[in-house]
Amino acid sequence: YKEFDTTILNVVTIDGQRGILPNHVPLVTMLQVDKLTSVEQGVRVEYAVAGGLLYYENNVAKILCDSIEAKDEIDEARAIAARDRALDYLKKKDESIDLKRAEFALKKAINRLRIKKGIYND
């Protein structure tokens, strides 16, 4: 559970990028595995979000997701290990491998690494 005040919330939804300012109309949307940014106390903060659901109403945004990590919270070695593990699963020809799960794990790990290393193109 994370709570913070922000003057703008930038998210990537299934429909594209959105910037949410105070007094935005109510909104319910699905989030992509991607970067989320906010301006907190005048400082832009970047987060890795693992998809999920965003609900915005009455100047309160609620995000339901498996994980959300601020850039400085991301453990790079752990993200690299997760990426490598997912790649190994995808290389196997075993029918018992859940490909969708492995692809999702890979996408989340790559997202975390891109945010940690600051290689997103905004």
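Two strands count as paired if DSSP finds at least two bridges between them, and strands themselves are DSSP runs of E with at least two residues, while helices are runs of H or I with at least four, all numbered from the N terminus. This is a predicted model, where local features need pLDDT of at least 70, side-chain atom pairs count only at pLDDT 80 or more, and totals for chains, interfaces and linings use all residues. Residues are numbered from 1 along each chain as its sequence is written, and side-chain values use heavy atoms, with hydrogens and water left out.

Let's start with the hairpin that joins β1 to β2 through two residues. Strand β1 (residues 9-13) runs antiparallel to strand β2 (residues 16-20), with five bridges between them. Leu9 sits opposite Ile20 in β2.

Now for the pockets. On a 1 Å grid over the protein atoms alone, a pocket is an open set of points where a 1.4 Å probe fits, with protein on both sides within 12 Å along at least five of seven lines; lining residues have an atom within 4 Å of a point. A volume is the space filled by probe spheres set on the points.

The largest pocket comes out at about 740 Å³. Of its 24 lining residues, Lys2, Glu3, Phe4, Ala61 and Lys62 lie nearest the centre. Strand β5 (residues 60-64) supplies the largest share of that lining, five residues.

The second largest pocket holds about 470 Å³ and has 20 lining residues, with Ala82, Arg85, Arg101, Ala105 and Lys108 nearest its centre. Two or more lining residues come from each of β4 (43-57), α1 (76-91) and α2 (99-117), and α2 gives the most, seven.
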